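Reader: I would like to go through this model term by term. Please set each label against its cut-off.

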Amino acid sequence: MAQIIDGKVISKQIKDEVKEKVSAYKAQGIEISLAVVLVGNDPASTVYVGNKKKACEYTGINSVSYELPEDTTEAELLELIDKLNNDDKINGILVQLPLPKHIDEDKVIKAISPLKDVDGFHPMSVGALSIGQPGFVSCTPAGIIELIKRSGADIEGKECVVIGRSNIVGKPMALLLLRENGTVTICHSRTKNLKEVCKRADILVVAIGRPKMIDKSYVKDGAVVIDVGIHRGADNKLCGDVDFASVEPVAGAITPVPGGVGPMTIAMLMNNCVNSVAIQKK
Ligand code: NDP
């Protein structure tokens, strides 16, 4: 039986720590504010933005909301970002993705000041991570590091395999594991002998976007298995990229879906907001 790594409990611990830091800043007269920008009314994005605002309320961070119509032009959005970049009262800027098709996401991400890039998507933030300098780190992989550490597992010297090389999960995940002194391998759709590579892993992070693809034949006995995937099955139940029923009996520790990686993303966004004060001071 594997240890179940509980993302709900760990994300609550992190939000409580953020809450304490926010109130310590308040005692010094420092308020922290996050600008949350939503363009259009995509139902999933509306839910995510709502959850982010709730987490702000819980931690004591001010959320300043900009709900723009679907037909907002790229120029109008860039103008708003410029205004927020220059507003001393705003510490973090979050533009909810995906954006409507007529807006170039890359341009928008690059327009956000790296000093306020709490999502950690700006090329400067990614570059800082890759050369080991301080900066904002993408929330999902940062949350996974917390899940691994707080579940009691060591990363240093361990064989870490990441399946997936996306800019928001796989690549920053690999860099963070490397920063923690893991021995890191990145796999993707062209990897040969995927099973053999995965079987070497002490820590296996799965971010492929394919429901239940990873079963026990990919997993070494006792490995820590982190499932980033999230899918709604035909039975309307949520599942991950890992076949939990198959892997749980052989893994040493495993994250469930839901209740594993998912809740960590917003907790780490709150953590990035509180860290923004120190980053902006520097
Ligand atoms: P992407 O689709 O951007 O990347 C998927 C990666 O998996 C690619 O690098 C791809 O390789 C690789 N891949 C696809 N098929 C295979 C295969 N058969 N064998 C090996 N590698 C394969 O996905 P994301 O990184 O954005 O997300 C991954 C999953 O995590 C999704 O289910 C997503 O919904 C979920 N997610 C969950 C979050 C959370 O908060 N819980 C946050 C973000 C994502 P190649 O590059 O060669 O195409």
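**Labels and their grounds**

Author: Start with a loop. Asn 236 sits between strand E9 (231-232) and strand E10 (238-239). Keep in mind that this is a predicted model.

Reader: Why is Asn 236 called exposed?

Author: Exposed means over 50% relative accessible area. Asn 236 has 51%, so the label exposed applies.

Reader: Is Asn 271 buried or exposed, and how do you know?

Author: Buried means under 20% relative accessible area. The value for Asn 271 is 17%, so Asn 271 is buried. Asn 271 belongs to helix H10. Leaving aside residues up to four places away in sequence, Asn 271 touches Val 18 and Lys 21.

Reader: Which residues does the cis peptide bond with Pro 98 join, and what is omega?

Author: The bond joins Leu 97 and Pro 98, with omega about 0°. Pro 98 lies in the loop between strand E4 (92-95) and helix H4 (105-111). Another cis peptide bond joins Val 257 and Pro 258, again with omega about 0°. Pro 258 is in the loop between strand E11 (253-254) and H10. Most peptide bonds are trans.

Reader: Which residues of H6 and H7 meet?

Author: From H6 come Pro 141, Ala 142, Ile 144, Ile 145 and Ile 148. From H7 come Pro 172, Met 173, Leu 176 and Leu 177. The contact has nine nonpolar residues, no polar and no charged.

Reader: How do you know whether H1 and H6 are roughly perpendicular or oblique?

Author: The axes of helix H1 (residues 7-27) and H6 cross at roughly 105° and come within 10 Å. Roughly perpendicular covers 65 to 115 degrees. H1 and H6 are therefore roughly perpendicular.

Reader: What is the make-up of the contact of H1 with H6?

Author: The residues divide into three nonpolar, two polar and three charged. In H1, Gly 7, Ile 10, Gln 13, Ile 14 and Glu 17 take part. In H6, the partners are Glu 146, Leu 147 and Arg 150.

Reader: Which residues touch the most other members of the largest nonpolar core?

Author: They are Leu 34, Ile 61, Leu 177 and Val 205, in a core of 51 residues. Helix H10 (residues 262-281) gives the largest share, ten residues. Apart from this core lies another, of 19 residues, including Ile 163 and Val 219. In soluble globular proteins, nonpolar side chains tend to be buried together.

Reader: What does Leu 177 touch?

Author: Leu 177 touches Ile 145, Ile 148, Ile 155, Cys 160, Val 162, Gly 182, Val 184 and Val 205, not counting residues up to four places away in sequence. Of these, Ile 145 and Ile 148 are in H6 and take part in the contact with H7.

Terms used
Residues numbered from 1 in each chain as written. Predicted model: local features only at pLDDT ≥ 70, side-chain atom pairs only at ≥ 80, totals over all residues. Heavy atoms only, no water. Contact = heavy atoms within 4.5 Å. Helix = DSSP H or I, 4+ residues; strand = E, 2+ residues; numbered from the N terminus. Nonpolar A, V, L, I, M, F, W, Y, C, P; charged D, E, K, R; others polar. Core = buried A, V, L, I, M, F, W, Y, C linked by side-chain atoms within 4.5 Å. Buried < 20%, exposed > 50% of the residue type's maximum accessible area, 1.4 Å probe, protein only. Axes fitted to C-alpha atoms, helices over the stretch in contact; angles between N-to-C directions. Parallel < 35°, antiparallel > 145°, perpendicular 65-115°, else oblique.
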